[in-house]
Amino acid sequence: MVRVSRLRRKPSKLATASVPTKEQEPFAVVPRKKSVRLTLWPLVAATFFMVSGGTYGTEDIVHGAGYGRAILILLLTPVLWSLPTAFMIGELSSALPFEGGYYAWVRRAMGNFWGFQEAWLSLVASIFDMAIYPTLFVVYLTRMFPWFAEGHRGVMVGLAVVVVCSLLNIAGVKVVSTTSLWLFFALSAPFLLIVFLSPFKIGALATAITKPTSSTVDMIGGLLIAMWNYMGWDNASTIATEVERPQRTYPRAMLASVAIVSLSYVVPVAAMWMTGLAPSAWETGSWAEVASLVGGPLLRIGLIVGGMISGFGMFNALVMSYSRLPLAMSQDGMLPKFFSKLHRRSRAPWVAIVFLACCWACCLGLGFERLVTLDILLYGASLGLEFAALIWLRFREPELKRPFRVPGGKFGAIAVGVAPMLLLAFSIIRSQHEQVMGMSSFAFGLVLIGAGVLAYLVNTALKPLGWAGAKEVERIA
């Protein structure tokens, strides 16, 4: 299928969606060998780690809101935040199952500039996000083996996590997704034991003596953390051409993932509510201590190992997601064409994986803290572009084949993004007090967003006809 690029170069076989001409079909899906395609449940497992990584991270919600309101927050957040996003992703991924996912949708709807901004926002956010997961792995490892906290040993372990995950990703999506599936079972096992043992401890922990906590999270802060814990549903869209029957698989995977992630948060918290443990005993990282009160030291070790699995699994799955952005942009002539090189056997974008892994590895020693405002601002801007693409395509290409549709016609397409955008605006206004490099994280985020415009102008100035020049960019099946 031949596409004509908006970069005004010669006809190219593009990786992602472009506006079709009258002679063209609405879209084309790059065929992949069946052996390297993902089916439903491996995709669900990969999405689980792209979004959640398990029950870790819910502790401060309990501390700030108490059990009852924490459960209410954890139930309402997916309804107002996750389900609308899942519906949007279900429609766009089934209509446009292209490499690069959300980048391809925005580019199709609004052109190269906005497509570039969508990818920029995601890749810049990954710098602040991806360095955390190997660090999280090390934090839990040192709880069992303090030796790793000495000197540069922790950084070396984090580097090893980056290398291993990169090798798994170069081995292909099947290896990554299968690994995610088994990691999901291993991660869930300790929490299932907590749920099983808690009924035998009804009210028994009401007078339990715990270490004083330093958490200052209130109920509104708990809501922000819940939103953060439910972010990232669109990450799975970037591997669309590597999914078996994406038009059918993506909507089902999104809805199944929303349900599984929600249950993984709510059920363990509800189980601990029965024990009578005071909400004030909770703070970030306290699941291990909570587990020791319910099941003893062995269960505590299980939760610590689960924390290591969580960090490893999230990094592993997100490498798969982010590495498809440079691949798709390169195939569209928006980045140097060497990023489109695929591994001969696995068809994985090994150059993009190695390049991004080096960038993330350089950030391991910088000690980034997870900045909720910054993450939500960058993610929110990219998510807003995706909802805009949904609406724009409904009006611009009403005849585009959509195996799954957001219900309610054009009104439904507009209304589905209202609640997520309102929550994003509220969260940004609520948490502008965080500081980064001497300025508010909100202002720092705006600087990063503005840098995306400058990067696009520099990119087009260097190669106004696209990095592929006059040559066709080959789509490798």
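Analyst: Begin with accessibility. A residue is called exposed when its relative accessible area is over 50%, buried when it is under 20%, and partly exposed in between. The model here is predicted. Arg 245 has a relative accessible area of 51%, so Arg 245 is exposed. Arg 245 sits in the loop between H8 and H9.

User: Is Arg 347 buried or exposed?

Analyst: Arg 347 is buried, because its relative accessibility is 13%. Arg 347 belongs to the loop between helix H12 (324-331) and helix H13 (350-362).

User: What should I look for in the backbone angles of these two arginines?

Analyst: Most residues other than glycine have a negative phi. Arg 245 has a positive phi, near 45°. Phi of Arg 347 is positive as well, near 65°.

User: Which accessibility class does Ala 208 fall into?

Analyst: Ala 208 is partly exposed, because its relative accessibility is 28%. Ala 208 lies in the loop between helix H7 (173-197) and helix H8 (219-229). To see how the fold brings parts of a chain together, compare separation in sequence with distance in space. Ala 208 and Gly 276 are 68 residues apart in sequence, while their C-alpha atoms are 8.9 Å apart.

User: How does the chain as a whole read?

Analyst: Start with the totals. The protein chain has 17 helices and two strands. It has 477 residues, of which 58% count as buried. For contacts in the chain with a separation of 6 or more, 83% are between residues 24 or more positions apart.

User: Where is the kink in H2 centred?

Analyst: The kink is centred on Gly 66 and amounts to about 115°.

User: How much of H2 is covered?

Analyst: H2 is mostly covered, with 28 of its 37 residues buried. Glu 91 is a residue of helix H2, and Glu 91 counts as buried because its relative accessibility is 1%.

User: Which residues does Glu 91 touch?

Analyst: Leaving out residues up to four places away in sequence, Glu 91 touches Leu 390, Arg 394, Arg 402, Phe 404, Arg 405 and Val 406. Glu 91 and Pro 251 are 160 residues apart along the chain, with 7.4 Å between their C-alpha atoms.

User: Which residues of H13 are buried?

Analyst: They are Val 351, Ala 352, Ile 353, Leu 356, Ala 357 and Trp 360. These buried residues pack against helix H4 (112-130), H6, H11 and H12.

User: How should I read a pair of packed helices?

Analyst: Read the axis distance, then the crossing angle, the handedness and the residues in contact. An angle under 35 degrees counts as roughly parallel. The axes of H7 and H9 come within 9 Å and cross at roughly 30°, so H7 and H9 are roughly parallel to each other. Their crossing is left-handed. From H7, Phe 184, Phe 191, Ile 194 and Val 195 meet Ile 260, Val 267, Pro 268, Ala 271 and Met 272 in H9.

User: What does the pair H9 and H10 look like?

Analyst: Helix H9 (residues 246-275) and helix H10 (residues 287-295) have axes that come within 12 Å and cross at roughly 50°. H9 and H10 are therefore oblique to each other, and their crossing is left-handed. Pro 268, Val 269 and Met 272 of H9 make the contact with Trp 287, Val 290 and Val 294 of H10.

User: At what angle do the axes of H6 and H11 cross?

Analyst: The axes of helix H6 (residues 153-170) and helix H11 (residues 297-322) cross at roughly 45° and come within 9 Å. That angle makes H6 oblique to H11. The crossing of H6 and H11 is right-handed. In H6, Val 161, Val 162, Val 164, Cys 165, Leu 168 and Asn 169 meet Phe 312, Phe 315, Asn 316, Val 319 and Met 320 in H11.

Notes: Residues are numbered from 1 along each chain as its sequence is written. This is a predicted model: local features need pLDDT of at least 70, side-chain atom pairs count only at pLDDT 80 or more; totals for chains, interfaces and linings use all residues. Side-chain values use heavy atoms; hydrogens and water are left out. The bend at a residue is the angle between axes fitted to the seven residues ending there and the seven starting there. Helices (H or I, at least four residues) and strands (E, at least two) are DSSP runs, numbered from the N terminus. Buried means under 20% relative accessible area, exposed over 50%, partly exposed in between (1.4 Å probe, protein chains only). Axes are lines fitted to C-alpha atoms, for helices over the stretch in contact, and angles run from 0 to 180 degrees between N-to-C directions. Angles under 35 degrees count as roughly parallel, over 145 as roughly antiparallel, 65 to 115 as roughly perpendicular and the rest as oblique. A crossing is left-handed if the near helix is turned anticlockwise from the far one by less than a right angle, and right-handed if clockwise. Contact means heavy atoms within 4.5 Å.
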